[in-house]
Amino acid sequence: MSALPQGSQCMSTRAKSSSKNFLTRINIRFPWLKLVATVVVGVLIILNLLDVTVPKLDDLSDNFPTTPMSKHSKATERILEGKKLVALTFDDGPFPDTTPRLLDILTEKDAIATFFSLGLMARSHPDILKRAFYEGHEIASHTMYHQNLNSITPGAVESDVNEATAVIKSIIGRTPALTRPPYGAYNQNVLDYTKTPLILWSVDPQDWLIRDPTSIINIAMSQVHDGAIILMHDIYPTSVEAVPTLIDTLRENGYEFTTVSELAKIRGLKLAPKNAYRNF
Ligand SMILES: [Zn+2]
């Protein structure tokens, strides 16, 4: 007599048959599942064949395909060493009426800039900020609400700056390494409670006030020097209008463009928190 309990073989057959039934039932109830699975597998096979990998934010930031300085590397540093350099910087954006046009101009002119983005604006227009980032420009912080940091408590400074950092990081996947205090206003509290170096400027064409492209260019050119940080605002059409000729004129005068962080790096400066810088 077999010691096997009656029906033990049947158990396994039954299991197979029941799992088959289950799949059949699923197929009847959810016929689209099969289609979805087929499409997913198909796409994976095609991606594999094309050797396509989906890059993460961090990967993309080191591999911008369209901008010159995005490939910033030892080779780029070597090219720029010994050259007259300026950092174009734009505050208060991103703003839909003007920033995309500015980005077009920078691409056309093969130039790079630093955007001191306002957290409030970045939160409202994340796609523009993302575009600037992916096109190789440096994204820095101009705080969250554009308050005069000298006139608020240390706790309020910290919370404003932290909020801007969190917003910008949530959009571009990177923590901004630099902060420009609104109005250039800072005191010891601001230095202590902002976790990044503060960046001011050495060339101020007062574009926010003058609103005339020719005058903006003339003032900028009268103040420019090697290692200058040029203050502009990407929320005014007249400022953006000035940029193509400003870039051309700076180039005619032997200047090359770089971002603030790269400029410091090329000049051998290690930017440190609790310090403020005007030029390099
Ligand atoms: Zn501002």
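This is a predicted model: local features need pLDDT of at least 70, side-chain atom pairs count only at pLDDT 80 or more; totals for chains, interfaces and linings use all residues.

The questions below go from the whole chain to single residues.

Student: For contacts with a separation of 6 or more, what percentage is between residues 24 or more positions apart?
Tutor: The count takes the contacts in the protein whose partners have a separation of 6 or more. Of these, the share from residues 24 or more positions apart is 78%.

Student: Leaving aside neighbours within four places in sequence, which residues are in contact with Ile229?
Tutor: With neighbours within four places in sequence left aside, its contacts are Ala87, Thr89, Ile199, Trp201, Ser202, Val203, Val260, Arg278 and Asn279.

Student: Why do the buried residues of helix 5 line one face of the helix?
Tutor: Helix 5 covers residues 99-108, and its buried residues are Thr99, Leu102, Leu103 and Leu106. Seen down the axis of helix 5, these buried residues line one face because they fall within an arc of 100°. An α-helix has 3.6 residues a turn, so residues three or four places apart point the same way. The arc for helix 5 is 100°.

Student: Which elements do the buried residues of helix 5 pack against, and which residues are exposed on the other side?
Tutor: The buried residues pack against strand 1 (84-91), strand 2 (113-117), helix 7 (126-134) and helix 12 (237-252). On the other side of helix 5, the exposed residues are Asp104 and Glu108.

Student: Which way do the residues of strand 3 point, and are they buried or exposed?
Tutor: In a regular strand the side chains alternate between the two faces of the sheet. In strand 3 (residues 138-141), Glu138 and Ala140 point one way, and Ile139 and Ser141 point the other way. All of these residues are buried.

Student: In which sense do strand 2 and strand 3 pair, and which residue stands opposite Ser141?
Tutor: The two strands pair over four bridges, and the sense is parallel. Opposite Ser141 in strand 3 stands Ser117.

Student: What is omega for the peptide bond that joins Gly93 and Pro94?
Tutor: Most residues other than glycine have a negative phi, and most peptide bonds are trans. Pro94 is in the loop between strand 1 and helix 5. The bond joining Gly93 and Pro94 is cis, with omega about 5°.

Student: What is phi for Asp110, and what is phi for Tyr183?
Tutor: Asp110 lies in the loop between helix 5 and strand 2, and is exposed with 12 other C-beta atoms within 10 Å. Tyr183 lies in the loop between helix 8 and helix 9 (188-193), and is exposed with 11 other C-beta atoms within 10 Å. Neither is a glycine, yet phi is positive in each: about 55° for Asp110 and about 65° for Tyr183.

Student: What separates the C-alpha atoms of Leu269 and Phe280?
Tutor: Leu269 lies in the loop between helix 13 (260-266) and strand 7 (276-277). Leaving aside neighbours within four places in sequence, Leu269 is in contact with Ala264 and Phe280. Leu269 and Phe280 are eleven residues apart along the chain, and their C-alpha atoms are separated by 8.0 Å.

Definitions and conventions. Residues are numbered from 1 along each chain as its sequence is written. A residue is buried if 20 or more other C-beta atoms lie within 10 Å of its own, exposed if 12 or fewer, and partly exposed in between; C-beta atoms are placed from the backbone. The arc is that of the directions from the helix axis to the C-beta atoms. Two residues are in contact if their C-beta atoms, placed from the backbone, lie within 7 Å. Two strands pair if DSSP finds at least two bridges between them.
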